[in-house]
Amino acid sequence: MGVSEAHDLPAPGWRAALPAPDVLLAVGLGGALGGGVRVWAGLLGPQAGFPGWAVLVAVNVLGALAMGLLTARGGRWARPALTTGVLGGFTSFSGWVLDVLRLVEPTPVLALALLVAVPVATVSACLSGLVLGGRRA
Amino acid sequence: MTGLDQGIGGPLVATVLVALVVGAGAGSVLRALVLARVGASGDGARSLGSAWVNVPASALAAALLVWQTQLRLLPGTGSDVAALVVVLLLGVCGGMSTWSTLALELARSVLAGDRRVLVLQAVGTVLGVLGGVFGAGFAVVVLLLLG
């Protein structure tokens, strides 16, 4: 088999499953938008008197609710741009982990509350979104 | 956690904000690629779902935080280093990790009554994050001590 013939073979399964470049572009633009809004909220929240951890909790719960509502909607670009992009970039798991770690020493009770409450609140919000959106998974 | 109160000021702020947005977009693309790859894998890997992006992103974020904290103790560490850390921490790690996808995966498992996946993902994420965060933080401290 020549090199040109090998190039004509279909891609292996996992490569075929990778998103197309136009979909990745939509995800990237959506992620930039979602991440920008998260950073903007993180800047405005403390100015309005809300601690940074509270802003991120609100962002994550709101993002999970929106994910439940929007997960089954949209077309080729809109769906990945909105869900994987905007909502994925808007919410942040690593920020939550760091907030918990930062609060362990000064306020251990608050750190424990964040550790338990955020998973419960985000999953509950997402379930509510799925039910309200009328699309069960 | 804004991170922009970590020693960055002046004209650098605008540049950092743009870099944050670009970093969040890049992190999101990386997340989409990893999760697509995981989605095409076997059942075991797929069951862990978004843990494949949340664990490494959290470990990298912890390593960056420890690195930044240690560097602050050194004289002459400029605001450009702080800016780079903030961009990687809030932009790339924040964009790569996600609560919304994890919440959706867990909610779907709850609705489907799939306890196996629910437990596997919850336990896998917790153990992975614990190991990743403390392992990465410890590795950075050791590297800085050796360096």
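Mentor: A pocket is an open set of points on a 1 Å grid over the protein atoms alone, where a 1.4 Å probe fits and protein lies on both sides within 12 Å along at least five of seven lines; a lining residue has an atom within 4 Å of a point. This is a predicted model, where local features need pLDDT of at least 70 and side-chain atom pairs count only at pLDDT 80 or more, while totals for chains, interfaces and linings use all residues. Residues are numbered from 1 along each chain, and chains are lettered from A in the order written.

Trainee: What makes A:T84 a lining residue of the largest pocket?

Mentor: A:T84 counts because it has an atom within that cut-off of a point. Of the 29 lining residues, A:T84, B:L35, B:T101, B:E105 and B:R108 lie nearest the centre of the largest pocket.

Trainee: Which helices give two or more residues to this lining?

Mentor: In chain A they are α3 (21-47) and α5 (78-90); in chain B, α1 (12-39), α2 (43-47), α5 (100-112) and α6 (115-146). The largest share, 6 residues, comes from α1(B). A helix here is a DSSP run of H or I with at least four residues, so α2(B), at 43-47, qualifies.

Trainee: Which residues are closest to the centre of the second largest pocket?

Mentor: Of its 18 lining residues, A:F93, A:W96, A:L115, B:V126 and B:V129. α6(B) gives the most to that lining, with 8 residues.

Conventions
Heavy atoms only, no water.
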